[in-house]
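Biologist: Could you walk me through how to read a sheet and what packs on it? Start with the terms, please.

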Amino acid sequence: MSEAAIRLHIEPLEEGGYVATSQDVPGLVAEGQTLVEVVEIAQSLTQAIVETYLDQGNPLPPALARVGVLDS
């Protein structure tokens, strides 16, 4: 699998830390204490979501399919 860039929407949480979501990856919600941590968690979750799509034979979300995430 090659890498793909996705857009993240990151907001600070009242209790501290951050939450990230993405219109490019439906279902992606990541929380972390720092910006670096929330981005790393979002990256790992995106990989897991893509693997689930592929394992179940479902088409990838359009933003990921456009960048050729399946290219080796």
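Modeller: Strands (E, at least two residues) and helices (H or I, at least four) are DSSP runs, numbered from the N terminus, and two strands pair if DSSP finds at least two bridges between them. This is a predicted model: local features need pLDDT of at least 70, side-chain atom pairs count only at pLDDT 80 or more, and totals for chains, interfaces and linings use all residues. Residues are numbered from 1 along each chain as its sequence is written, and side-chain values use heavy atoms, leaving out hydrogens and water.

Biologist: Which residue stands opposite Tyr18 in strand 3?

Modeller: Gly32 does. Strand 2 and strand 3 are antiparallel, with four bridges.

Biologist: And in what order do the strands of the open sheet come?

Modeller: In general, strands of a sheet pair through backbone hydrogen bonds, parallel or antiparallel. Here the three strands run 1-2-3, with antiparallel pairing. Strand 1 (9-12) and strand 3 (29-32) are at the edges with a single partner strand each, so one side of each has no neighbour in the sheet. Four bridges also link strand 1 to strand 2 (residues 18-21), where Ala20 is the bridge partner of Ile10.

Biologist: Which residues make up the largest nonpolar core?

Modeller: Nonpolar side chains tend to be buried together in soluble globular proteins. A nonpolar core is a set of buried (under 20% relative accessible area, 1.4 Å probe, protein chains only) Ala, Val, Leu, Ile, Met, Phe, Trp, Tyr and Cys residues joined through side-chain atoms within 4.5 Å. The largest one here has eleven residues, among them Ala20, Ala30 and Ile49. Helix 1 (residues 35-55) gives the most, five residues.

Notes. Buried means under 20% relative accessible area, exposed over 50%, partly exposed in between (1.4 Å probe, protein chains only).
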